[in-house]
Amino acid sequence: MTTDASRASTSTVRAARLAAQGLDGGFDSPAAAVERLVCLQAQDLAAAKWVLGARVPRATEATIDAAIDERVLLRSWPMRGTLHFVAPEMLRPILRLTAARLMQRAAKTHRDEGLDDEVHAVARRVAVHELEGGRAATRDELQTAWAAAGIDTAGQRGYHLIWRLANEGLLCCGPVETRARQRFVLLDEWSPRRPDEPEDTDEILGRLFTGYVRGHGPVTVRDFAWWTGITLTQARIAQAAAGEAVVPFDDERFVAADAPSMPAVSSSAEPSGRHVLAPFDEYFLGYGDRSAFCSDTDALRVVPGKNGLFLPILVAAGEVVGTWRRAPERRGTTSIEVTRFRGRPAVSGFRPAFERWAAFWSTELGEITTT
């Protein structure tokens with residue numbers, strides 16, 4: 001680390017981020033991964049399980065399911081209006097920062113859907129009645145209960161009600177039901193408020209910035225504003241509130257003062273490794289500026305059509321070099337089709353990483369083909 005005005009090389013930034021994200025050595029447990037990264041986008045539950053699995057050596061899907069059911073990590077809508085895995089002690093504090101702005105942005109949609117305050121109040125009472133006492137319900141079960149109370153849940157109305165109640169801190173995702181779905185629970189019953197949860201706004205901002213920098217650094221203040229969905233002014237307050245917990249890495253990026261294995265900005269650190277990562281992985285989604293590891297042209301290949309659907313990615317030496325997809329499992333074996341980005345290094349050497357992926361999902365790895 002350094003405090004001069006130099007700018008780190010692309011290779012050094014890649015090496016540092018691989019270390020911060022735990023992709024160069026891994027974490028001991030899913031809880032340790034979430035503690036480091038604070039939030040990991042998890043709108044696709046199955047994909048999000050592999051986001052954690054890729055960072056926890058020898059983990060399986062059952063390892064992640066157990067961590068969810070043991071409540072050492074939570075899944076809810078803390079920021080950017082989408083689902084994330086989040087450290088339990090940070091969900092309520094983050095919502096204190098983000099919920100009001102998210103609700104303001106969603107207000108027109110809710111009005112257009114006819115979800116006024118009266119409908120919301122009824123939905124809230126029904127949800128509490130259905131879930132209190134440690135019970136859990138699926139989305140369909142909640143919508144059935146709301147329909148019985150006279151609330152129309154057609155289209156996305158039911159989803160919008162769940163989203164609003166989660167943003168208020170009433171609901172969160174609870175026990176695992178299937179590979180891709182959890183049941184809903186009351187947050188205060190599933191994960192009671194902890195004495196170490198910060199309440200002061202500046203303290204929350206400082207802790208969140210420190211956590212983001214520790215798990216994603218080197219990063220800029222603009223990266224943090226994008227990641228959280230807060231304003232740039234708030235992001236700058238967060239950087240100041242972090243104090244000595246973060247230090248400059250180069251002329252615009254920051255790292256955690258206690259960051260492990262962080263290369264110096266002036267070093268010639270070379271990133272290494274081959275990584276098979278999920279769609280929506282934090283290595284790609286965790287930054288507003290992705291130019292250090294993916295060109296603008298290749299980024300469009302990761303999100304074809306700019307439709308918000310991210311493809312699984314291949315990362316070689318810290319660079320996104322292609323995408324991949326799995327074929328339907330046949331007789332316990334899953335084949336993989338890889339798409340290599342033109343002009344990027346050959347995608348050889350990924351089979352061990354795919355074997356690790358296959359072991360996580362308890363399948364046998366079949367043929368890997370390249371297009």
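A residue is called buried here when its relative accessible area is under 20%. With that cut-off in hand, select helix 4, residues 61–69, in this predicted model. Glu61, Ile64, Asp65, Ala67 and Ile68 are buried in this helix. These residues lie on the same side of helix 4, because they cover an arc of only 160 degrees around the axis. Next, step just past the end of helix 4 to Arg71, which takes a positive phi of about 70 degrees.

Colour the chain by pLDDT before continuing. The average for the protein chain is 93, and 95% of the residues score at least 70. Where pLDDT is low, the predicted coordinates should not be read in detail.

Select Gln41 in strand 1, which spans residues 39–41. Is Gln41 buried or exposed? Its relative accessible area is 8%, so Gln41 counts as buried. Display its side chain together with those of Gln43 and Arg80. The side chains of Gln41 and Gln43 are joined by a polar contact of 2.5 Å, and a polar contact of 2.4 Å links the side chain of Gln41 to that of Arg80. Beyond four places in sequence, the residues touched by Gln41 include Ala48, Thr82, Leu83, His84, Phe280, Glu282 and Leu285.

Move on to the largest nonpolar core, which has 57 residues. Which of its members touch the most other members? They are Phe209, Phe224, Phe284 and Val320. Centre the view on Phe284. Leaving aside neighbours within four places in sequence, Phe284 is in contact with Arg290, Phe293, Cys294, Ala299, Val302, Val303, Phe310, Ile313 and Val320. Apart from this core lies another, of 39 residues, including Trp50, Val51, Val56 and Ala316.

Finish at Glu329, in the loop between strand 10 (319–326) and strand 11 (333–340). Glu329 counts as partly exposed because its relative accessibility is 45%. A polar contact of 2.5 Å joins the side chains of Glu329 and Thr363. Beyond four places in sequence, Glu329 is in contact with Thr334, Ser362 and Thr363.

Methods. Residues are numbered from 1 along each chain as its sequence is written. This is a predicted model: local features need pLDDT of at least 70, side-chain atom pairs count only at pLDDT 80 or more; totals for chains, interfaces and linings use all residues. Side-chain values use heavy atoms; hydrogens and water are left out. A nonpolar core is a set of buried Ala, Val, Leu, Ile, Met, Phe, Trp, Tyr and Cys residues joined through side-chain atoms within 4.5 Å. Buried means under 20% relative accessible area, exposed over 50%, partly exposed in between (1.4 Å probe, protein chains only). Contact means heavy atoms within 4.5 Å. pLDDT is the predictor's confidence in each residue, from 0 to 100. Helices (H or I, at least four residues) and strands (E, at least two) are DSSP runs, numbered from the N terminus. A polar contact is a pair of N or O atoms within 3.5 Å; within protein, one must be able to donate a hydrogen and the other to accept it, and residues adjacent in sequence count only if both atoms are side-chain atoms. The arc is that of the directions from the helix axis to the C-beta atoms.
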